[in-house]
Amino acid sequence: MILIDSVFIHTGGGLTILNYLISKLDIHKDEIFYLLDSRFNIPDHLKKNISHYKFVSGLRERHAFYTQNKNKFCTIFCLGNLAPPVKLESKSITYLHSDWYVAKPIVKNPKKRFIHFIKRLIFQYYASNSNFFIVQTKSMKEKFLSRNNFDENKVFIYPIFDMNIEKNSLQEKDLHSYIYVSEGYFHKNHFSLIEAFNKYNKKNPRAKLYITVKEDLFPEIRIKLKQINNPNIINIGFVAKSILEKYYIKSNFLIFPSKQECFGLGLVEAIKYNCKIIASDLDYVYDVCQPSITFNPYEIESIYNALILSMNHNEISLSSIKTSSKIDEVLDLILE
């Protein structure tokens with residue numbers, strides 16, 4: 001039996017990867033046991049792909065599950081960044097898709113910095129329980145190895161993303177439409193983007209910005225939008241993939257002001273729908289793609305100037321992907 005441990009995965013890019021993985025493991029569903037986060041809702045179209053599963057909540061319940069079932073599985077694949085909480089005889093693989101655990105904290109709030117510190121300690125304490133780590137970029141591998149004493153030959157660069165799209169999905173763009181697909185965490189930089197776009201909107205009243213924040217989880221974003229009171233900045237919330245695709249399809253630009261990412265799945269998703277990328281001038285962007293326009297994410301004025309440049313949309317070069325999905329390599333590692 002193979003264990004897919006996705007505790008702590010219930011939103012964002014991790015959720016996209018989990019759903020894709022479930023779909024790819026369909027023919028092996030009777031051999032797979034899924035340990036799922038209690039906040040995760042199995043999508044209706046994937047319920048047929050899962051035969052064995054259990055929902056758990058938090059570190060304590062996860063640890064209890066491993067203690068009770070440590071001899072049950074031949075392979076364990078941990079998708080939620082944390083390696084198994086106990087040492088196992090079976091093969092264990094950990095997929096590290098958040099640089100939260102290996103990068104310096106950029107938040108200033110003392111409480112959040114302390115939480116960051118504790119999570120990094122837990123990550124490092126568990127790391128030796130994994131035989132292999134998978135990361136998504138060369139930069140992430142370097143960050144991980146710089147902070148963890150781990151065999152570099154057992155750290156694989158295997159990004160996971162789905163490049164398949166419907167044949168009829170590429171249609172004419174709304175030339176003044178922008179999208180930012182991301183949750184509302186501090187490092188995602190929504191406040192600076194909203195300020196910059198609000199200023200830009202006065203130069204280009206036809207421009208619209210779509211964001212995808214769960215306002216119940218990030219009420220500060222809701223408050224900011226209410227203060228700005230700009231009807232052209234539209235929060236569509238966390239929506240189903242089929243709905244999100246429609247926004248990707250009509251948007252001419254993806255704007256990505258995040259200050260810190262391990263991969264930036266939204267960059268890849270947007271390019272496959274022919275969006276031009278306006279993004280932070282940071283290493284994680286260049287690991288994944290060649291953007292059309294870049295800016296300094298720490299300066300609102302720089303974001304604004306990048307938006308001004310995008311007004312000349314006919315002169316902006318197309319963006320391109322510089323990486324490829326390694327889903328087959330990941331599946332081979334899990335199933336071999």
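In which loop is N81 found? In this predicted model, where local features need pLDDT of at least 70, side-chain atom pairs count only at pLDDT 80 or more, and totals for chains, interfaces and linings use all residues, N81 is placed in the loop between β4 (75-78) and β5 (91-95). Residues are numbered from 1 along each chain as its sequence is written, and side-chain values use heavy atoms, with hydrogens and water left out. Helices (H or I, at least four residues) and strands (E, at least two) are DSSP runs numbered from the N terminus.

N81 has a phi near 80 degrees, a positive value in a residue other than glycine. With a relative accessible area of 6%, N81 is buried; buried means under 20% relative accessible area, exposed over 50%, and partly exposed in between (1.4 Å probe, protein chains only). A positive phi, near 60 degrees, is also found for N274, again a residue other than glycine. N274 lies in the loop between α8 and β12 and counts as partly exposed, at 45% relative accessibility.

The protein chain contains 11 helices and 15 strands. Its radius of gyration is 20 Å, close to the 20 Å given by the globule rule for 336 residues, so the chain is as compact as a globular protein of that length. The radius is taken over C-alpha atoms, and the rule is 2.2 Å times the number of residues to the power 0.38. Along the principal axes, the C-alpha trace spans about 65 × 45 × 35 Å. Of the 336 residues in the chain, 55% are buried. Among contacts (heavy atoms within 4.5 Å) with a separation of 6 or more, 65% are accounted for by residues 24 or more positions apart.

Two packed helices are described by the angle between their axes and the distance between the axes. Axes are lines fitted to C-alpha atoms, for helices over the stretch in contact, and angles run from 0 to 180 degrees between N-to-C directions. The axes of helix α5 (residues 190-203) and helix α10 (residues 300-310) come within 8 Å and cross at roughly 40 degrees. The two helices are therefore oblique to each other, given that angles under 35 degrees count as roughly parallel, over 145 as roughly antiparallel, 65 to 115 as roughly perpendicular and the rest as oblique. Residues in this contact include L193, F197 and Y200 of α5 and I303, Y304 and L307 of α10. The contact comprises nine nonpolar, two polar and four charged residues; Ala, Val, Leu, Ile, Met, Phe, Trp, Tyr, Cys and Pro count as nonpolar, Asp, Glu, Lys and Arg as charged, and the others, Gly among them, as polar.

In α10, the buried residues are S302, I303, Y304, A306, L307 and S310. Their cover includes α5 together with β8, β11, β12 (276-280) and β14 (293-295). Helix α7 (residues 241-250) has L244, Y247, Y248 and I249 as its buried residues, and what covers them includes β8 (174-180), β9 (208-211), β11 (251-256) and α8 (265-272).

Helix α1 (residues 12-24) packs against helix α11 (residues 327-335) at an angle of about 65 degrees, with the axes 12 Å apart. That makes α1 roughly perpendicular to α11. Here Y20, L21 and K24 of α1 meet I327, L331 and I334 of α11. The residues of this contact divide into five nonpolar, no polar and one charged.
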